[in-house]
Amino acid sequence: MEKIGVFVCHCGSNIKGNVDTAAVVEQISHVDGVAMAVEYPYMCAEAGQAMIRNAITEHGLTGVVVAACSPRMHEATFRKAAERAGLNSYMVEIANIREQCSWVHRDTVSATKKAVALARAAVAKVHRNTPLHPGESSVTKRALVVGGGIAGIQAALDIAEAGFEVTIVETTPSIGGKMAQLDKTFPTLDCSACILTPKMVDAAGHDNIAIHTYSEIEKVEGFVGNFTVSIRKKARSVDMDKCTGCGDCWAKCPVKRVPSEFDSGLCNRTAIYTPFAQAVPNVPVIDRTNCVKFKTGRCGLCRTVCQPGAIDFDQQDEIITENFGAVVLATGYDTISLDKFGEYAYHDSPDVLTALEFERMTNAAGPTDGRIVRMSDGHKPKSITFIQCVGSRDITNRGKTYCSKICCMYTAKQAILIKDKYPDVDVQVFYIDVRTPGKNFDEFYRRAAEEYGVKYIKGQVGKVVNVGDTLHIQAVDMLEGRHMDIQTDMIILATAIQPSATAKTTAGMFSSSVDQNHFMTEAHPKLRPVESHTAGVFLAGCGQGPKDIPETVAQASAAAAKVIGLLVKDKLMTNPCTAATDEDLCNNCGLCGNVCPYGAITYESKLTASVNNALCQGCGACVVTCPSGAMDLHGFTNRQLMAEVDAICK
C-alpha cells in the first residue's frame, strides 16, 4: 500500500504570505494515498529536512511531495534528505507553489486553489514513480578552454596548476583578448599589458597548457567527463616550429594598407603580420584575403627573405580531435556596430571615435605612440567630449536594453588620462546615470570630476553635426532643463558591448543555452553562477554577461575550481532519467536519432532505436518527436505526466 507524505513550506512569507498553507495541508491530506501532510516555515532548513527524514521512518512513507519553491533551487536538497532516510531519491517530487503560484498571484483564494492543484498533481505523479538508480561514467582528466582572453588564460592557469592538462582554443592569431588592447586599467591605472603579458607568457610556457591560436571549434560530441571535440587549426601559412619571430617577412611585405584589427582600424598592417609586439605565440599569420601571392600567384617576397624557411604557402587547415572531461567557455565580447546610430556622426567624421579606438590612441604602442590627436589633421584637440550609453540601455531596438557595466568607469579613466597628459584640454561627459558599483570605483569617478576637473553633464545628445573643423553637439541638460549647442574637437563614444560573434554558435555546440541578448545562460543566477545548463560546461568572462577585469578574473578562477572539482573524480554518477525504447512500438523511422543533440540514439540492430544511457541527458526531444509513441523517459513517462494533468483537471 502506498503511503505518500506531503510537506508544505511557508518559505518565510514568500509562500505563506499569499497562500493559505493550512488549507493546502487540509485539502491534500484527503487525497488518495496521502498518509500525512504537514506545513513548516522552512522545509529546506535542517529542522525541515529532519522532519521529512523522521516522517519517512515513522510512517513508512513510499513517496514524498514537497510543496515549496522551484525544483531548481532545492530538489537535490530534498532528495538527499529522503535518501538518508532510506527512500529512493526519485520517489520525491517538488510542487512549485512559489514561482508558479504565490509569486504570480495576488488573490489568496486563487493562489491557494492553484497550490492545492499543483500538490495534487505531484501526488499523482509519485503514485506512478518507480525507484531509479544512477549509473557511472569515467572522467577524462583534461580540460578545454574556449577563448584566450584574460578569462580563458586565468582559468587555464588555475586548472593547470592543479595538475591537469588544459587546451586553449583562440580564434585570433594571439591570446590576450580585449585586455591586450587596453592602455591602463581602472581604478588603479596600472599598465594593462604589464599585468597581462606575464600571464600570457606563463600560459605559453606551462607544461600542462597547449595553446591553439587561429583556431576554432569544429564539432562537439559526448557528455560531461567525456567530451570529444574537433578543433580546426586554420592555416597560418607559417611553420610555427621553424619561425623565429624576426619580423623580416612583414618588413618586406608589399601589402601595407590593410586596416589593423588590433588597432581598431586606426592604422594599417601588412598582409603577413603578428597582431602586436607581445603576441603569444610570436608567430605571424598570412591574411590570404589580402596577400598578393594568394590573389595572383605572384610575389612571395616573405618566403624569399625568411632565413629559417618558415613560410609555407601550401599549408592547409588541420582538424585535430581531442577528448576532454570539462569545458570552460570564455568567448569574450565585441562592441556593437554604430551603423544605426547616425546621429553621432561616427561615419561622417574621423574625429568621432569609439572608446576602444581611443584606447588604442592613448596606448604608447598604439598608432599615434600615445599622443592624443585629431585624426582629421593630427593636431592636439582643445576640447574632448565623451558620450555615454551609446547603444546601452536602449529601448529603441537599435542597441541593447542592458547596461554594459564598464563604460562609466573606463570613461572616467580615459578622462583622467587626457587631463594627465594635457591639463589644458577641456573634457566633458554626457551621461544618463553614473554607475560605479565596484571597490574604489566611486572614489575613482569623483577623482575625475573633483580633482581633474572633468565636467559631467546629465543629459542626452540628440545630434552631432560636423561643420568644417569643428563638431557641434546638440543636447539637453536634464538637470537645468535647457538645450545646449556645444562645439568640441573630438568625441568619444562609449559603445555598448555584446557577446562575441562566435558565442552563440559555440554555446550551441556544447548544448549550452543563451539569453535573448546571446549571453550564455548560467544554471542558476545566484547558486550556480559559473555553471551552464549542460553538465561539465562552465562559463567565464563577458561571454556570460558584461563585467570588468577583476570580476572576469574572479569568475574564471571560480569556473576553474568547478572544473578541478570535476576532474579529480574517477567516476561520475550518470542521470537515470534517460530515454527508453518500446521495441513493440518502434518502427525504426530514425526521427529520434536525428533530433538527439547528444548522439545517444543508434540503430545497430536495424530493427529498433537503441539508447546509450551514458550519453543520454534526458532532454526528452526524442519523446516528443517519436510518431509512434515508442520513446519514453524514465522519471517523466507519458503515464506520469498524464496523471498530473488528470489530477489538475479534477
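Contact here means heavy atoms within 4.5 Å. Keep that in mind as you click around, and remember that this is a predicted model, where local features need pLDDT of at least 70, side-chain atom pairs count only at pLDDT 80 or more, and totals for chains, interfaces and linings use all residues. Residues are numbered from 1 along each chain as its sequence is written, and side-chain values use heavy atoms, with hydrogens and water left out.

**Stop one: V65**

Select V65 and show what it touches. Leaving out residues up to four places away in sequence, the V65 contacts are I4, G5, V6, F7, E93, A95, A119, A122, V123 and V126.

Buried is under 20% relative accessible area, exposed is over 50%, and partly exposed is in between (1.4 Å probe, protein chains only). This core has 42 residues, and V6, F7, I52, V64, V65, I97 and V123 touch the most other members. The elements giving it two or more residues are β1, α1, β2, α2 (46-59), β3 (63-68), α3 (71-84), β4 (92-96) and α4. Helices (H or I, at least four residues) and strands (E, at least two) are DSSP runs, numbered from the N terminus. Helix α4 supplies the largest share, eight residues. Apart from this core lies another, of 39 residues, with I150, I159, V280 and L572 among them.

**Stop two: helix α1**

Pick residues 21-28, which make up α1; its buried residues are T21, A23, V24, V25 and I28. Which elements cover them? Among them are β1 (4-9), β2 (34-40) and α4 (108-128).

**Stop three: E93**

Next, go to E93 in strand β4. Buried or exposed? E93 counts as buried, at 10% relative accessibility. Its side chain makes a polar contact of 2.9 Å with that of K125 and one of 3.0 Å with that of N129. A polar contact is a pair of N or O atoms within 3.5 Å; within protein, one must be able to donate a hydrogen and the other to accept it, and residues adjacent in sequence count only if both atoms are side-chain atoms. Beyond four places in sequence, E93 touches V64, V65, V66, A122, K125, V126 and N129.

**Stop four: salt bridges**

The structure holds 30 salt bridges, each a side-chain nitrogen of Lys or Arg within 4 Å of a carboxyl oxygen of Asp or Glu.

- R98 and E99 meet at 2.7 Å, N to O; R98 is buried at 9%, while E99 is partly exposed at 23%.
- D570 and K141 meet at 3.5 Å, N to O. They sit 429 residues apart, D570 in the loop between α14 (549-567) and β31 (571-573), K141 in the loop between β5 (136-138) and β6 (142-146). D570 is exposed at 57%, and K141 is partly exposed at 31%.
- R269 pairs with E261, with the closest N and O atoms 2.9 Å apart; R269 is buried at 10%.
- D351, R374, D377 and D489 form a linked network.

**Last stop: a three-stranded sheet**

Colour β11, β12 and β17: this open sheet has the order β11-β12-β17, with antiparallel pairing. Strands pair if DSSP finds at least two bridges between them. At the edges are β11 (215-223) and β17 (318-324), each pairing on one side only. Between β11 and β12 (residues 226-233) there are eight bridges. To see one, select F223, whose bridge partner in β12 is N226.

Technical notes
A nonpolar core is a set of buried Ala, Val, Leu, Ile, Met, Phe, Trp, Tyr and Cys residues joined through side-chain atoms within 4.5 Å.
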